[in-house]
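Student: I would like to work through this model with you. Can we take it step by step?

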Number of protein chains: 2
Amino acid sequence: MDGRISESAMKEKTKCQPLSPRNVRDLVDSVDAFLFDCDGVIWKGDTLIDGVPETLETLRSMGKKLVFVTNNSTKSRSQYAKKFHSLGISVTVDEIFSSSFAAAMYLKVNDFPKDKKVYVVGEEGILEELELAGFTGLGGPEDGKKTVLLRPNSLFEHDKSVGAVVVGLDQYINFYKLQYGTLCIRENPGCLFIATNRDAVGHLTDLQEWPGAGCMVAAMCGSTQKEPIVVGKPSTFMMDFLLKTFNIATSRMCMVGDRLDTDILFGQNAGCRTLLVLSGVTNLSTLEDSSNHIQPEYYTSKVSDIPKLLR
Amino acid sequence: MDGRISESAMKEKTKCQPLSPRNVRDLVDSVDAFLFDCDGVIWKGDTLIDGVPETLETLRSMGKKLVFVTNNSTKSRSQYAKKFHSLGISVTVDEIFSSSFAAAMYLKVNDFPKDKKVYVVGEEGILEELELAGFTGLGGPEDGKKTVLLRPNSLFEHDKSVGAVVVGLDQYINFYKLQYGTLCIRENPGCLFIATNRDAVGHLTDLQEWPGAGCMVAAMCGSTQKEPIVVGKPSTFMMDFLLKTFNIATSRMCMVGDRLDTDILFGQNAGCRTLLVLSGVTNLSTLEDSSNHIQPEYYTSKVSDIPKLLR
């Protein structure tokens, strides 16, 4: 009987708690950095979520380090900084970690040769980050205009010096790019296959979800029969990089996100505290559903609950 | 010691044999129908494989039923018949089983309602077979020209009466079609997700391989997080249909193909005799590699070995 009680007590302990005036102070005091997912946490499409600027201001005034982590690879860090500014939030490029940047950093920390090229099935953000890191990118939006001619005896040529293919969200996906990336991965010896992330869908517009990078990555897996190296959430590559850059223990970081299978899992994989906000794709019934096995430490409706509960 | 001998003898028995003057007569006499894969068996791209017309003529003169089974969904059965004729081979539409036809037949045998529509991520062949079977198809090549406008507050509308999405090889794949198909599968209650086949690559031109239907199907799996119903090889749907149509026991059919994981597996799944030809994507070293676990009953260099060995 005692055994049963302690088992149920343990279960209670691992189940996530709503953020409350009682536990918010403990959470804030015990961390040095807050890692925020962007879409569904800071904004939804092009609309800022209620109370975000005041929340960030409060946390900054308490000396907390803020980091904005996004799996959306379509923009570079400086393009994201512009988006933040246009919404009235001031951030520095160093505070932003996009999966486009992560892809370039993965190549950098793994000493990818500068004389090799990188083929991009994705958008401008990846090409911009590759260039900033000193790499030569090919493909991207430009190849979105190209078509394939399936004539007898015509040969589709690809650059043999491509040593990595980076695949991310690509609204200009086409057969030309799929063939180009597939040939590089299948025929160029040692060619890396890197995925910015594998999100199935994302809020590319305010009103609905669209196929995410997971769609383009799966297509490339389908034709190459290979699995990619993932650099965005929930892979811990970005977190390892953050650790080295900021020198803050992951146990003193709190990951704030709206997705269980990327944000919360990412935080948990890395040993961070975790806070789920219900302002994005996850609602309370999904969180509490018996089929969900990912439990954040805390949950709340939106980030502005933090300063509200602290008062 | 006896146990070991009989075990090795059994292994010897299940290992595939080269087609020879000694065993070809037994194979031909024991079957009533030959099922031929097309690409890599009958032709390669637009070039007929050496000795095919004489082989088919010999088998027909022996009273064998011939069936041409192809996973390539880009053409309809009548478009395939035209291709055969242009290469100097005379076949009837009834002898051709393409995965485009299989998709339409799957809907027919499952009483798909005629007032529901079918969205096609694929080419003309699927739309033509759907129309011939009395269904209303949407999408296909026409939607290959459409683009997506990701503007704030713009809504991508889809037809709520779509009850099935058919995905096949699509050289005009784009973000518009991926979003359309994804919305139908995710939001239309009970919407079917049908794949013509999942071949990773195929010889769309003579000189090289290109991403196959497996690439487009994987993309749709990536965004919907659902698995499709596969109607082409190696699914036995086509075989069940063939059985009903021709009334020949599968044990009296021989599947002739160049791919282990589609053709030979398809034949074995259905209980057919199997013959691998080395005129397509599989070579002898792949067949004999220890990592290969699919063993056809016989193998030979090309179909014209059959009449040659019979003489």
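**Thr250(A) and beyond**

Tutor: Start with Thr250(A). Leaving aside neighbours within four places in sequence, Thr250(A) is in contact with Met239(A), Leu243(A), Ala270(A), Gly271(A), Cys272(A) and Arg273(A). Keep in mind that this is a predicted model.

Student: Is Thr250(A) buried or exposed?

Tutor: Thr250(A) sits in the loop between helix H9 (237-246) and strand E14 (253-257) of chain A. Its relative accessible area is 14%. Buried means under 20%, so Thr250(A) counts as buried.

Student: Which residue has its backbone oxygen 2.9 Å from a polar atom of the Thr250(A) side chain?

Tutor: Look among the contacts of Thr250(A), which include Gly271(A) and Ala270(A). The backbone oxygen at 2.9 Å from the polar side-chain atom belongs to Ala270(A).

Student: Stay in chain A. How many of the eleven residues of helix H5 (residues 99-109) are buried?

Tutor: The buried residues of H5(A) are Ser99(A), Ser100(A), Phe101(A), Ala102(A), Ala103(A), Ala104(A), Met105(A), Tyr106(A) and Leu107(A). H5(A) is mostly covered, and the number buried is nine.

Student: Which residue following H5(A) has a positive phi?

Tutor: The phi in question is near 50°. The residue is Asp111(A).

Student: Now the interface. How much area do chain B and chain A bury between them?

Tutor: The contact takes 38 residues from chain B and 38 residues from chain A. Of the buried area, 66% is on carbon and sulfur atoms. The area is about 3,400 Å².

Student: Which three residues supply more of the area that chain B buries against chain A than any other three?

Tutor: Together they supply 19% of that area. They are Leu150(B), Phe175(B) and Trp210(B).

Student: What is the distance between the closest N and O atoms in the salt bridge of Arg186(A) with Glu209(B)?

Tutor: The rule finds two salt bridges across the interface of chain B and chain A. One of them joins Arg186(A) and Glu209(B). A salt bridge needs the atoms within 4 Å, and here the closest N and O atoms are apart by 3.2 Å.

Student: Which element gives the most to the side of chain B that touches chain A?

Tutor: Helix H7 (175-187), strand E12 (210-211) and helix H8 (213-224) of chain B each supply at least two residues of that side. The top contributor gives seven residues. That element is H8(B).

Student: How far apart are the end C-alpha atoms of H8(B)?

Tutor: H8(B) has twelve residues. At 1.5 Å a residue, they should span 16 Å. The end C-alpha atoms agree with that, at 16 Å.

Student: How many of the twelve residues of H8(B) are buried?

Tutor: The buried residues include Ala213(B), Met216(B), Cys221(B) and Thr224(B). H8(B) is mostly covered, and the buried number is twelve.

Student: Is Gln225(B) buried or exposed?

Tutor: Gln225(B) lies in the loop between H8 and strand E13 (229-230) of chain B. Just after H8(B), Gln225(B) takes a positive phi of about 60°. Its relative accessible area is 59%. Over 50% is the cut-off, so Gln225(B) is exposed.

Student: Which residue of chain A does Gln225(B) touch?

Tutor: Within chain B, the backbone oxygen of Gly222(B) lies 3.2 Å from a polar atom of the Gln225(B) side chain. Not counting residues up to four places away in sequence, Gln225(B) touches Met220(B) and, in chain A, Ala200(A).

Terms used: Residues are numbered from 1 along each chain as its sequence is written. Chains are lettered from A and ligands numbered from 1 in the order in which they are written. This is a predicted model: local features need pLDDT of at least 70, side-chain atom pairs count only at pLDDT 80 or more; totals for chains, interfaces and linings use all residues. Side-chain values use heavy atoms; hydrogens and water are left out. Contact means heavy atoms within 4.5 Å. Buried area is the accessible area (1.4 Å probe) that two parts lose on being put together, summed over both. A salt bridge is a side-chain nitrogen of Lys or Arg within 4 Å of a carboxyl oxygen of Asp or Glu. Helices (H or I, at least four residues) and strands (E, at least two) are DSSP runs, numbered from the N terminus. The expected span of a helix is 1.5 Å times one less than its number of residues. Buried means under 20% relative accessible area, exposed over 50%, partly exposed in between (1.4 Å probe, protein chains only). A polar contact is a pair of N or O atoms within 3.5 Å; within protein, one must be able to donate a hydrogen and the other to accept it, and residues adjacent in sequence count only if both atoms are side-chain atoms.
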